[in-house]
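Hi everyone, thanks for making time for this. Let me put the structure up, and then I'll walk you through a few parts of it.

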Amino acid sequence: MAESSESRPLSGIRVVELSSFVASPLCGLTLAQLGAEVIRVDPVGGAADVHRWPLAPGGTSIYWTGLNRGKSSVTLDLRSDEGRQSFRDLVTAPGEGSGILVTNSAGREWMSHERLAAVRPDVITLELLGRRDGRPGVDYTVNAALGFPAITGQDGGQGGGQDGGQGGGQGAGQVVNHALPAWDVAAGLHAALAVVSAVRERERTGRGRRIVLPLDDVALATAGALGYLTEPQLDGSSRPAVGNYVYGTFGRDFTTADGGRVMVVALTTRHFHDLARVTGTRDAVDALESATGADFGTEADRYSYREVLAALFARWFSAHTTAEVTRALEDSVVLHERYRTFDQVVAEGDLEANPLFAALDQPGIGSYLAAAHPATFDGRHLATGPAPDLGADTDHLTADRPRPPTGSPPIAPPPRGPES
């Protein structure tokens with residue numbers, strides 16, 4: 001049973017969102033799931049992401065509808081004085097929980113924090129930037145500049161396969177991008193937390209806030225907290241590319257007899273000893289430890305000898321099917337999971353079995369299982385309704401303002417937007 005919007009944590013909060021692509025809409029989606037009223041504003045015809053892939057058979061963007069579930073939609077001619085005034089009126093509308101703007105369209109004087117605060121002094125604005133100096137940046141360029149692609153993939157261009165390690169190896173000096181826009185996702189969640197924090201402060205003090213959140217600073221802060229940027233400050237080194245091995249402990253993927261792949265991680269001594277037991281290599285592992293003087297009770301030595309240890313374990317994996325490997329590992333404390341594709345996750349019933357997902361009838365797409373907020377509140381997930389049709393709420397939310405001409409062309413997002 002879905003929880004009513006009136007009983008959700010952010011009930012009574014109204015957020016205006018002028019955005020496109022990932023981070024800013026994800027911020028709005030997260031706030032909507034938690035109970036806020038979120039009004040997405042687009043130029044007439046939609047912003048640049050309105051038809052972004054993937055598309056449903058009828059041409060509706062699965063991407064756009066996924067990120068805009070539970071929101072209202074207003075379209076305005078933001079090139080006109082009337083459209084801009086309507087937008088400012090939406091942001092500065094009276095009400096204890098209103099006066100909040102989330103945008104990645106920073107740098108526009110007509111919607112600046114100062115302009116809005118002149119009408120509503122307690123206004124809260126959050127601007128998502130690409131780079132802290134205002135230059136454009138998207139997840140893929142920010143990630144490239146930070147260094148993660150340089151440590152993703154196989155070290156030294158070694159071939160793939162079980163003996164060589166990980167498959168899809170990269171030569172020295174080559175880089176591998178990851179598919180997940182991690183910094184967009186992190187920025188969207190940081191943005192939602194920043195908005196909630198500012199609302200909490202305003203409730204206590206009556207003070208508004210201008211919040212600026214650069215995508216590259218989200219990436220740098222995360223990399224710094226995880227130690228990636230501390231190591232080179234201490235000794236000038238950069239973490240190496242080690243393929244699918246887990247840095248600093250023992251973990252990697254193994255190929256099974258029927259061509260499946262299983263990821264195995266032994267974080268603790270208990271995990272490692274059980275992996276040796278399951279694979280029947282305990283005597284060989286003990287002999288290696290004795291011969292080298294290593295201590296496999298430490299993560300450091302398990303990592304240092306990862307290649308020879310992997311070679312010992314790999315023989316067992318290659319002699320057993322994926323099902324046999326899975327059954328054996330399930331009877332152990334070893335952390336493991338077989339590799340799957342997205343279509344396998346769906347086909348194997350994971351969504352139906354998880355209360356995180358519920359049926360959603362999305363116009364333009366049809367019925368599918370959509371995820372709610374991943375946290376539970378008193379045992380319940382907080383879900384939203386479908387995404388609106390573009391501009392569906394313009395009339396009733398801007399009833400006292402002139403409508404933009406229907407023939408106005410869509411407006412591309414400004415070059416300072418952060419997201420990909």
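Let's start with a pair: helix α7, residues 182–205, packs with helix α8, residues 215–225, at an angle of about 95 degrees, and their axes are 9 Å apart. That angle makes α7 roughly perpendicular to α8, a label for angles of 65 to 115 degrees. The axes are lines fitted to C-alpha atoms, for helices over the stretch in contact, and angles run from 0 to 180 degrees between N-to-C directions. Helices here are DSSP runs of H or I with at least four residues, strands are runs of E with at least two, and both are numbered from the N terminus.

Before going on, a word on the source: this is a predicted model, where local features need pLDDT of at least 70 and side-chain atom pairs count only at pLDDT 80 or more, while totals for chains, interfaces and linings use all residues. Residues are numbered from 1 along each chain as its sequence is written, and side-chain values use heavy atoms, with hydrogens and water left out.

Back to our pair. Which residues make the contact? From α7 they are Trp-183, Asp-184, Ala-186, Ala-187 and His-190, and from α8 they are Leu-215, Val-218, Ala-219 and Thr-222. Contact means heavy atoms within 4.5 Å. By class, this contact has six nonpolar, two polar and one charged residues; nonpolar covers Ala, Val, Leu, Ile, Met, Phe, Trp, Tyr, Cys and Pro, charged covers Asp, Glu, Lys and Arg, and the others, Gly among them, are polar.

Now a check on α7. With 24 residues at 1.5 Å a residue, α7 should span 34 Å, and its end C-alpha atoms are 34 Å apart, which agrees. The expected span is 1.5 Å times one less than the number of residues.

The buried residues of α7 include Trp-183, Asp-184, Ala-187, Glu-201 and Arg-202. Buried means under 20% relative accessible area, exposed means over 50%, and partly exposed lies in between, with a 1.4 Å probe and protein chains only. Among the elements covering the buried residues of α7 are α1 (23–33), β4 (100–103), α5 (139–146) and α8. Just after α7, Gly-206 takes a positive phi of about 80 degrees.

**Over to α1**

How many residues of α1 are buried? Eleven of its eleven, so this helix is mostly covered. One of them is Thr-30, whose relative accessible area is 9%. Not counting residues up to four places away in sequence, Thr-30 touches Leu-189, Ala-192 and His-373. After α1 comes Gly-35, with a positive phi near 115 degrees.

**One loop, two residues**

Thr-384 sits in the loop between β13 (380–381) and α16 (394–397). At 17% relative accessibility, Thr-384 counts as buried. Leaving aside neighbours within four places in sequence, its contacts are Ala-32, Gln-33, Arg-69, Gly-70 and Leu-360.

Leu-390 also lies in the loop between β13 and α16, but Leu-390 is partly exposed, at 34%.

**The whole chain**

To finish, the protein chain has 16 helices and 13 strands, and 47% of its 420 residues count as buried. Of the contacts with a separation of 6 or more, 70% come from residues 24 or more positions apart.

Conventions:
Angles under 35 degrees count as roughly parallel, over 145 as roughly antiparallel, 65 to 115 as roughly perpendicular and the rest as oblique.
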